[in-house]
Amino acid sequence: MSQQHPAAITWLQNTYRLTLRSFPPGFQDRYGRDMYEAFIDSLRQRRATGKSVIVFSLLACGEALVQGLQERWAWREVHPLASSRHSWEFPAVRNLINDVRYAVRGLFRTPGFAVVAILTLALGIGANSAIFSVLNGVVMKPLPYPDSDELVMLWHWYPEVDMQASVSVPAFQDYQEMNRVFSGIAAMGGLAGNLTGAGEPVRVQGALVTADFFRVLTVEAALGRTFAPEEDVAGADQVLVLSDRFWHRQFGGDPGIIGREIQFNDLPHTVVGVMPPDFGYPSAAELWRPAAFTAAQTDPRNRGREFLAVIARTKPGVTFEQAEADMASITAILEPEHYSWTTGWRVSPMRMIDNAIGGIRPMLWTLFAAVVAVLLITCVNVANLLLARAASRDREVAVRVALGGGRLGAIRHALAESIVLSVIGGVVGLGVASVMLKVLVALNAGTIPRIAEVSMDVRVLAFTFAVALGTGILFGALPALRAARANPRDALAAGGVKSSLGHKSLRAQRTLVVAEVALALMLLVGAGLMVRSFDRLLDVDPGFEPDNVLALDLTLSSTTYPGTPERARFIQRVLGEMERQPGINSVAAIDALPLSGRNPSSSFGPEGYDYDNAPGLPQSARRIVSPGYFETVGINLIRGRDFTEHDMAVDAPPVIIVDQHTVTDFWPDDEPLGKWIAFDQDGPYYSVVGVVGDIRHQRLDQQSRYHIYTPLGHQSAATMTFVLRGRGDPALLSAPARQAVKAVDPSQAVFGLQPMTQYKERATAPQRFNAILLLVFAGVALVLAAVGVYGVMSYAMSRRTQEIGIRMALGAEGGTVLRQLVGRGVVPAIVGVGIGLAGAVLTTRFMASLLFGVSPTDPLIMAAVAIVLLAVGVAACYVPARRATRIDPMEALRYE
Amino acid sequence: MTTLKPEVFHILLALMDGERHGYAIMNDVAQRTGGEIKLLPGVLYRHLHRLLDGGLIDELDRRSIPEGTDERRRYYRVTDGGVAAARAETLRMAKLVEVAKGKDLLADLGS
C-alpha cells in the first residue's frame with residue numbers, strides 16, 4: 001500500500017516538523033518535541049489500524065500551521081487561560097483569523113478537493129523551490145571565501161585560435177611584479193601522484209600551489225598550518241597540506257598526522273596542515289604541495305609552457321573594471337615583447353565566480369523557466385478547481401452577501417481560501433523540493449559545479465513562502481472576482497444552477513485552458529528540442545569504437561622511472577603482460593584518451609607551411625601512443641601503416657601518424673605519406689607513415705584540433721592510459737588488467753578503471769541531465785493540462801446535460817451530438833496550441849546555446865508537439881462528452 | 001464565572017485519573033467522546049500551555065516520573081486549582097441538567 005511507504009512516511013514527518021516552526025520559538029522549545037512525538041504516535045496508531053495516513057497528516061499539518069500562527073499572535077501579549085477570544089483587539093486581524101478559520105473549515109468539509117489542490121500546488125511550488133535552491137546555491141551565493149567578490153582569475157586569451165589558455169611561470173612572475181591592483185596573486189598547477197608505504201598504493205589528485213595561495217583565498221588550516229614562503233622553494237618543498245576528506249579516508253582523521261612523514265611519489269613528505277571540511281579548491285584536490293618553481297620553469301624561454309591557473313585578490317576598493325584596465329596596460333607592455341608571434345594575445349581577467357559557473361547559467365535558467373511554466377499551469381488548474389467549486393457555492397456566497405457579509409468580505413473569503421491552500425501547498429512543497437533536490441544531485445553526475453553547496457537555506461524558505469503567497473493570490477483572483485460579482489437576487493432566484501454567472505465562469509475557465517495549453521506546448525517544445533539534440537549528440541560518430549574497451553590509468557613515479565626510456569620499458573612490459581591475460585584481444589597505451597578531459601598540445605610546423613604569410617604556428621593535439629592503439633580503440637587507419645616495435649627504439653628514424661584533418665588542411669593535393677613535421681626549429685623532422693580518421697577529443701559536439709600521434713619511446717608522459725579490448729563486458733577485464741600491472745610492479749597504483757563507454761557517457765551527461773529534467777517537467781505539464789481540459793469539459797457537460805437530453809429525446813443522432821460537443825470543447829485547446837507555438841518561436845532562441853544539431857524552431861518538433869497536445873485535448877473532451885451523450889434522455893430531463 | 005471550553009474540560013477530566021503525557025490525553029479524550037472531540041497536537045498543546053499558565057495543571061518533575069514509563073516526554077497532572085475548576089464546571093453543568101430535567105427534556109431518555 002503506497003501510504004505505508006517508508007519514504008512517504010519520513011517525508012510526512014519532516015513536513016510536520018517544518019510546520020511546527022509556525023509556533024513561537026519559546027513555545028517550540030517547550031512543547032515542540034512532545035507535539036512531534038504525539039503526531040508520530042498518532043501516525044503509528046493509524047497505520048496499525050489501517051487508516052489513511054496521508055489525509056491525516058495533511059490535516060495535522062494544516063492544523064499545526066493555523067494554531068501556530070494564532071499562538072504566535074497571542075504570544076505577543078501575556079494572557080493566561082480564559083478563552084483566546086480577548087486577544088484579538090484589532091478588527092482587521094480578527095477578520096483575517098476568521099477568514100482563515102472559515103477557509104480551513106471549508107477545506108475540511110471537502111477533503112478530496114483540498115488534498116488534490118494541495119498536492120498539485122505542492123508539486124508546482126516544490127519544483128520551483130528545488131530549482132531555485134540550485135540557482136541560489138550555484139549562481140547567487142558567493143563563493144565560500146571571505147570577500148569572494150575580490151577574487152579574480154587571470155587567463156591568457158588567444159583570439160586567433162579562439163582559445164583560453166593557462167599562464168606560464170615567467171608570465172605569472174611578471175604579473176606579480178607589474179600589477180598595481182592586486183593585494184595578492186597566487187598560482188596553482190595540477191598534481192597527481194602515488195601515496196605509498198601504507199598498505200595498497202593509492203593514487204592521489206592534488207594541486208601545486210604557490211605559498212600565498214591560501215592567503216589569497218583567505219582560508220586557514222583547520223589543523224596545523226598552510227605553507228610558509230620559505231617552503232615554496234625547490235629543496236624545501238617536501239611538505240603537504242591534506243584535505244579533510246582525504247585525511248579522514250586515508251588516516252582515519254588522526255590528529256597526530258601533523259608532523260608525520262608520508263611517502264608521496266616515492267619521496268618523504270611532512271604533513272603540515274589539514275584544511276577545514278568545507279574547503280575544496282580545486283574541487284578534486286586531496287592534497288596541496290608548494291609549487292617551488294624550478295630554474296627550468298622560470299626560464300624566460302619557457303614562456304610557451306602555460307600550465308598555471310592564476311588567482312588574484314584585488315586590493316580593497318579596487319573594482320573588477322579597474323583590475324581589467326590594469327591588466328590591459330600590462331598586456332600592452334608584454335604583447336610586443338613576447339607574444340607578437342600571434343595576433344591579439346591578451347591577459348584576460350575573469351571574476352572567480354564566473355569562472356566557476358560560467359557555462360551552467362543558461363541551463364539553470366532554462367530549467368527555472370520550465371518550472372515556472374509548470375507552476376503557472378498548476379495555478380491554472382487549481383483556479384479551475386476553485387471556479388468549479390465556487391459555482392456550486394454561488395448560493396452560499398449570495399446568502400452571505402445578502403445577510404450583510406459585504407462584497408469585500410466575499411472577496412476576502414475567496415482569497416483566504418486560496419492562500420490557505422497555497423501556503424499549505426508550499427509547506428508540503430518544501431518536502432517535495434527536498435526530495436527533488438536529492439534526485440537532482442543524484443542525476444547530476446558532475447554536470448553542475450558547486451552542487452555540494454546547494455542546500456535549502458533561509459533564502460529558499462523565503463522564496464518558497466513568497467511563491468506560495470503569490471500563487472495563492474494568482475489562482476485565487478478569478479474566484480475572488482467572481483465572488484465579488486455575486487448577485488444575491490439572481491443567485492437565489494435562479495436556484496443557483498443556471499445563473500448568468502455560470503456562463504461567465506465557463507468563459508473564464510476556457511480562457512484558463514487556452515493559457516495552460518499554450519504553456520504546456522512551450523514546455524514540450526523545449527523538452528523536445530533538448531531530447532532531439534541529445535539524440536543528435538549520441539548519433540555523432542566520435543571516430544572511435546568505445547564498446548568492449550576497458551581503460552585504466554597509471555601514474556609513473558618520477559624516482560623509479562625518471563626518463564622516457566625507463567617509462568617506455570615499463571609500459572611495454574605491462575602491455576606484454578596484459579596481452580598474455582585471457583580474454584584480451586588487443587592492448588595499447590596513450591597519454592590522453594579521447595573525451596578524458598586531458599588535452600596536451602603543442603604548436604607544429606608541417607612541411608610546406610607558409611611561415612611568412614601565416615599569423616603563427618598551428619596548434620596540434622599531440623599524442624603519445626604505443627603500437628596497436630588505433631586498432632584497439634577502433635580508429636580507422638586510412639593510409640599507410642601503424643607504428644611498430646621498431647619505431648619505438650630511440651635510435652629509430654622519427655616517424656609520425658597524422659589525422660585526415662591535418663592532411664586536408666596542409667597537403668590537400670599531395671601524397672601525405674613521406675611528408676615531414678617538426679615541433680622544434682632545430683628538428684627532428686618526423687616523417688608521416690600513416691593517416692588515421694578524425695576523432696572528437698574534447699567534446700562530442702566539436703571538431704577537434706589536428707591530431708598528431710608520435711610513438712611511445714621517443715616521448716612519454718607520467719600518466720598513461722591503458723586500453724584493453726576484449727570480446728564481452730569490459731568490466732570482466734579489470735581483474736586480469738590489475739593482475740598484469742601487479743606482476744610487473746606490485747607497488748604501482750591503478751586508478752580510473754572503467755569501460756571506455758563511460759567517457760562518452762560523461763561527455764553527454766549535461767545534455768542527458770537537461771533532457772531528462774525538461775522531459776519530466778514537460779510530462780507533468782502535459783498531464784496537468786490534460787486534467788485541466790478534462791475538468792473544464794466535464795463541468796461544461798454537466799451543465800448541459802439537460803440540453804443534451806432534450807436534443808437526444810428529439811431524435812438527434814448520438815454521434816452527431818458527440819462530434820459537435822467535442823468540436824466545440826476542443827476550440828480552447830486549438831487556440832492554446834496556436835498561441836503556444838507563437839510563444840515557443842519567440843522564446844526557444846534563448847536556449848540555442850544548449851542545443852546541438854537542431855534549430856530552436858525545428859518545425860518537426862513544433863508540429864509533433866502540437867499534434868500531441870491536440871490529441872490530448874480531443875481525448876480530454878471526448879470522454880466527458882461521450883458520457884453525456886450516453887445518458888438516458890429521461891434521466892437527463894430530470895437532471896437539475 | 002467563566003465557563004471552560006469543552007476541550008479544556010476534557011483535558012482536565014483526562015488528568016483526573018493520574019498523570020499523563022500529551023498523546024495519552026489525546027487518546028483518552030478521543031476514546032471517551034467516541035471520536036467526537038479529536039484533539040490534534042497543535043490545539044492540545046496550546047490548551048496545555050494555558051492551563052499551565054493558569055496553574056490548573058502542572059508538569060511533573062522529571063525525577064518523579066514513574067519507573068518504566070516514557071520519560072522523554074513531559075507528564076502533566078491536575079493541581080488543586082484544576083480540580084476546583086473542573087468541579088465548578090461540573091456543578092454548572094449539573095445545574096443546567098437539573099433545569100433541563102425540570103423541562104422534561106430527559107424524559108424519553110429513560111433516566
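Reader: Which residues is A:Leu521 in contact with, leaving aside its neighbours within four places in sequence?
Author: A:Leu521 is in contact with A:Gly832, A:Val833, A:Gly836, A:Leu837, A:Ala840, A:Val865, A:Ala866 and A:Leu869. Two residues are in contact here if their C-beta atoms, placed from the backbone, lie within 7 Å. A note on the ground rules: this is a predicted model, where local features need pLDDT of at least 70 and side-chain atom pairs count only at pLDDT 80 or more, while totals for chains, interfaces and linings use all residues. Residues are numbered from 1 along each chain as its sequence is written, and chains are lettered from A and ligands numbered from 1 in the order in which they are written.

Reader: Thanks! Which residues touch the most other members of the largest nonpolar core?
Author: A:Leu521 is one of them, along with A:Ala520, A:Leu523, A:Leu524, A:Phe777 and A:Ala781, in a core of 220 residues. Helix α23 of chain A (residues 757–809) gives the largest share, 22 residues. A second, separate core has 51 residues, including A:Ile185, A:Val209, A:Leu217 and A:Phe246. A nonpolar core is a set of buried Ala, Val, Leu, Ile, Met, Phe, Trp, Tyr and Cys residues joined through C-beta atoms within 7 Å. Buried means 20 or more other C-beta atoms within 10 Å of the residue's own; 12 or fewer is exposed, and in between is partly exposed, with C-beta atoms placed from the backbone.

Reader: And helix α22 of chain A, which of its residues are buried?
Author: A:Ala737, A:Ala740 and A:Val741 are the buried ones in that helix, residues 734–744. Seen down the axis, they fall within an arc of 95°, so they line one face of α22(A). That arc is taken from the directions from the helix axis to the C-beta atoms. They pack against β13 (549–555), α18 (564–580), β23 (719–726) and β24 (750–755) of chain A. Helices (H or I, at least four residues) and strands (E, at least two) are DSSP runs, numbered from the N terminus.

Reader: Switching to chain B. What pattern does it follow along the sequence?
Author: Chain B reads α-β-α-α-β-β-α, with 4 helices and 3 strands. Of its 111 residues, 33% are buried.

Reader: In what order do the strands sit in the sheet?
Author: The order is β1-β3-β2, an open sheet with antiparallel pairing. β1 and β2 of chain B stand at the edges, each with a single partner strand, so one side of each has no neighbour in the sheet. Strands count as paired if DSSP finds at least two bridges between them. Between β1 (residues 20–21) and β3 (residues 75–78) there are 2 bridges: B:Arg20 partners B:Tyr76, and B:His21 partners B:Tyr75. β2 (residues 57–59) has 3 bridges to β3(B), where B:Asp58 stands opposite B:Arg77.

Reader: Nice. What do the buried residues of α2 in chain B pack against?
Author: They pack against α2 of chain A, together with α1 (6–16), β1 and α3 of chain B. The buried residues of α2(B), residues 22–32, are B:Gly22, B:Tyr23, B:Ala24, B:Ile25, B:Met26 and B:Val29. After α2(B) comes B:Gly34, with a positive phi near 60°.

Reader: How many residues of each chain are in contact across the A and B interface?
Author: 18 residues of chain A are in contact with 19 of chain B. On the chain A side, α2 (25–48) and α3 (54–74) are the elements giving two or more residues, and α2(A) has the largest share with 8. The chain A residues divide into 10 nonpolar, 3 polar and 5 charged. Here Ala, Val, Leu, Ile, Met, Phe, Trp, Tyr, Cys and Pro count as nonpolar, Asp, Glu, Lys and Arg as charged, and the others, Gly among them, as polar.

Reader: What is B:Val43 in contact with, beyond its neighbours within four places in sequence?
Author: Its contacts are A:Glu63, A:Gln67 and B:Glu7. B:Val43 lies in helix α3 of chain B (residues 41–53) and is partly exposed, with 18 other C-beta atoms within 10 Å. B:Val43 and B:Glu7 are 36 residues apart in sequence and 9.1 Å apart, C-alpha to C-alpha.

Reader: Last one: where does pLDDT stay under 50 in chain A?
Author: Residues 79–89 are one such stretch, with 18 contacts beyond four places in sequence in the model. Residues 496–501 are also below 50. pLDDT is the predictor's confidence in each residue, from 0 to 100. Where it is low, the predicted coordinates should not be read in detail. For chain A the mean is 85, and 93% of residues reach 70 or more.
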